Amino acid sequence: MAMGATFKLDEALRSLDTVQLAKVSGRLVRATGLLLESLGCDRSIGQRCYIETADGRLLQAQVVGFNRDITYLMPFKKPVGLTTGSRVYPAPETISLKIDDSWLGRVVNGLGEPLDGREAPTGCDVLPVEPTEVNPLARKPVTEPLDVGVRSINALLTVGKGQRVGLFAGSGVGKSVLLSMITRHTKADVVVVGLIGERGREVNEFLTHSLGPEGLKKAVVVVAPANESPLMRLKATELCHSIATYFRDQQKDVLLLVDSLTRYAMAQREIALALGEPPATKGYPPSVFGMLPQLVEMAGNGEQANGSLSALYTVLAEGDDQQDPVVDTARAILDGHIVLSRRLAEAGHYPAVDIAASVSRCMGQVSTPEHLKAAHQLKDLHSAYERIKDLIPLGGYSAGADGKTDRAVQLAPVIERFLRQDTGQGANLSDSITGLQNIVANT
């Protein structure tokens with residue numbers, strides 16, 4: 001009996017080695033806007049902390065920088081109830097999300113917390129914070145066309161599976177409407193949607209009208225409206241990329257939609273300026289232009305023979321300036337840009353795709369020579385008509401002077417009808433190409 005009691009005592013004494021005798025914490029010393037400063041809670045950049053509020057709640061924050069002994073924190077949610085000296089506790093190192101097909105049909109925020117009134121999503125596989133980088137030499141090339149259901153894009157700006165494309169336009173020109181059309185009509189196994197920094201009103205409209213009940217069953221929606229903190233907007237954008245790459249590596253065809261890439265850049269600008277990083281180009285710090293290519297390179301095809309990840313980003317051109325620094329950077333790092341024209345939108349031409357200013361860098365890899373030839377011919381005719389269109393009402397154009405111009409004027413109404421499309425109407429790839437070739441054959 002004594003031997004048993006001694007054994008239990010030894011076990012109890014050894015277990016004391018694993019008992020945390022003191023809870024490590026720091027204290028909050030300053031709060032400026034959304035930037036918080038703490039002392040005594042040493043964490044590396046990217047790690048998370050909990051800040052105790054006056055009413056005993058824990059506010060989650062992330063380390064975004066440091067200066068000697070001061071650690072800079074950024075909260076994920078509105079910092080309410082913080083006081084001088086509030087306790088700062090290190091978060092567990094094992095904060096991670098679990099994912100599988102049960103995530104399909106869910107709406108979550110940037111932390112993976114549910115917004116649809118249901119229990120938190122769970123799964124069998126750990127979702128990595130950052131997707132594994134793909135060796136560029138091992139990445140599967142873009143060789144198959146992607147049917148997006150929009151006639152002007154299918155015929156003249158054909159997109160491939162695994163391509164990353166931007167929708168460039170000013171505010172109110174129809175980016176979100178075109179994105180909705182593509183969402184409804186594109187054929188994909190999984191659709192991952194990131195609604196980043198947009199109006200909260202649009203979230204439910206997108207779920208109801210763009211996705212619908214059937215579309216939501218194969219979709220994961222990550223939401224961070226404009227009233228969320230900049231850190232939450234960053235995390236939501238990165239989370240939807242991680243989710244998309246997970247399903248791609250499950251050998252599924254994935255469509256990733258991010259509305260918008262500009263709001264992601266603006267969120268990083270807010271954080272960088274709060275940390276004291278100097279503005280470089282039109283108020284954007286250098287870190288913004290370093291993070292954009294890192295984000296975009298998460299998308300695209302992986303190493304598996306099956307599965308693809310096609311990405312579509314909306315890019316806001318402030319003041320319709322196509323030389324805006326974010327617009328210019330996005331145009332350089334994406335595999336194509338579809339420009340929407342305010343002039344066309346004001347004339348009631350929807351979708352307002354400016355085919356002359358747009359380009360798909362992968363069209364040559366996924367289209368037949370006959371298709372490419374027909375697309376070039378139609379663009380040539382459209383360009384010829386645009387050059388003399390303003391002269392026609394003034395009597396400056398005389399038929400018979402130039403054969404190509406005459407054909408362009410004759411076919412202009414046909415081409416315009418071809419490029420227009422109702423928002424509820426879909427146009428599959430084969431019909432779009434056939435319609436294009438029929439127009440060109442009449443020349």
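The largest pocket is lined by 31 residues, and Glu130, Glu238, Met291, Gln294 and Met298 lie nearest its centre. This is a predicted model, in which local features need pLDDT of at least 70 and side-chain atom pairs count only at pLDDT 80 or more, while totals for chains, interfaces and linings use all residues. Residues are numbered from 1 along each chain as its sequence is written, and side-chain values use heavy atoms, with hydrogens and water left out.

**The largest pocket**

- A pocket is found on a 1 Å grid over the protein atoms alone, as an open set of points where a 1.4 Å probe fits, with protein on both sides within 12 Å along at least five of seven lines; lining residues have an atom within 4 Å of a point.
- The volume of the largest pocket is about 770 Å³, a volume being the space filled by probe spheres set on the points, which are joined across faces, edges and corners.
- Strand E4, helix H5 (230–249), helix H6 and helix H7 (286–296) each supply at least two residues of this lining, and H5 gives the most, with six residues.
- Helices (H or I, at least four residues) and strands (E, at least two) are DSSP runs, numbered from the N terminus.
- The lining of the largest pocket comprises 16 nonpolar, seven polar and eight charged residues; Ala, Val, Leu, Ile, Met, Phe, Trp, Tyr, Cys and Pro count as nonpolar, Asp, Glu, Lys and Arg as charged, and the others, Gly among them, as polar.
- Domain 1 (23–90) and domain 2 (98–364) each contribute at least three residues to the lining of the largest pocket, with domain bounds taken from an automatic or database domain assignment.

**The second largest pocket**

- About 580 Å³ of space lies in the second largest pocket.
- Its lining has 31 residues, with Lys175, Ser176, Val177, Arg199 and Glu202 nearest the centre.
- H3, helix H4 (201–216) and E16 each supply at least two residues of the lining of the second largest pocket.
- By class, the lining of the second largest pocket holds 12 nonpolar, 10 polar and nine charged residues.

**The closed barrel**

- Six strands form a closed barrel in the order E1-E2-E5-E4-E3-E6, with antiparallel pairing; two strands pair if DSSP finds at least two bridges between them.
- Neighbouring strands of this sheet are turned by 45° against each other on average, direction ignored.
- Strand E4 (residues 58–67) is joined to strand E5 (residues 70–75) by six antiparallel bridges, and Gly65 stands opposite Tyr72 in E5.
- Strand E1 (residues 26–32) and strand E6 (residues 87–90) run antiparallel and share two bridges; the bridge partner of Arg27 in E6 is Arg87.
- Strand E3 (residues 48–52) runs antiparallel to E6 with three bridges, and Ile51 stands opposite Val88 in E6.

**The open sheet and its helices**

- An open sheet of eight strands has the order E8-E14-E13-E15-E16-E12-E17-E18, with mixed pairing.
- Strand E8 (106–108) and strand E18 (359–360) stand at the edges, each with a single partner strand, so one side of each lacks a neighbour in the sheet.
- Strand E13 (residues 190–196) and strand E14 (residues 219–224) pair in the parallel sense over six bridges, with Val193 opposite Val221 in E14.
- Helix H3 (residues 175–185) packs on the sheet, touching strand E12 (164–169), strand E15 (253–259) and strand E16 (308–316), and its direction makes about 165° with that of E16; contact means heavy atoms within 4.5 Å.
- Helix H6 (residues 261–274) lies across E13, E15 and E16, running at about 70° to E16.
- Axes are lines fitted to C-alpha atoms, for helices over the stretch in contact, and angles run from 0 to 180 degrees between N-to-C directions.
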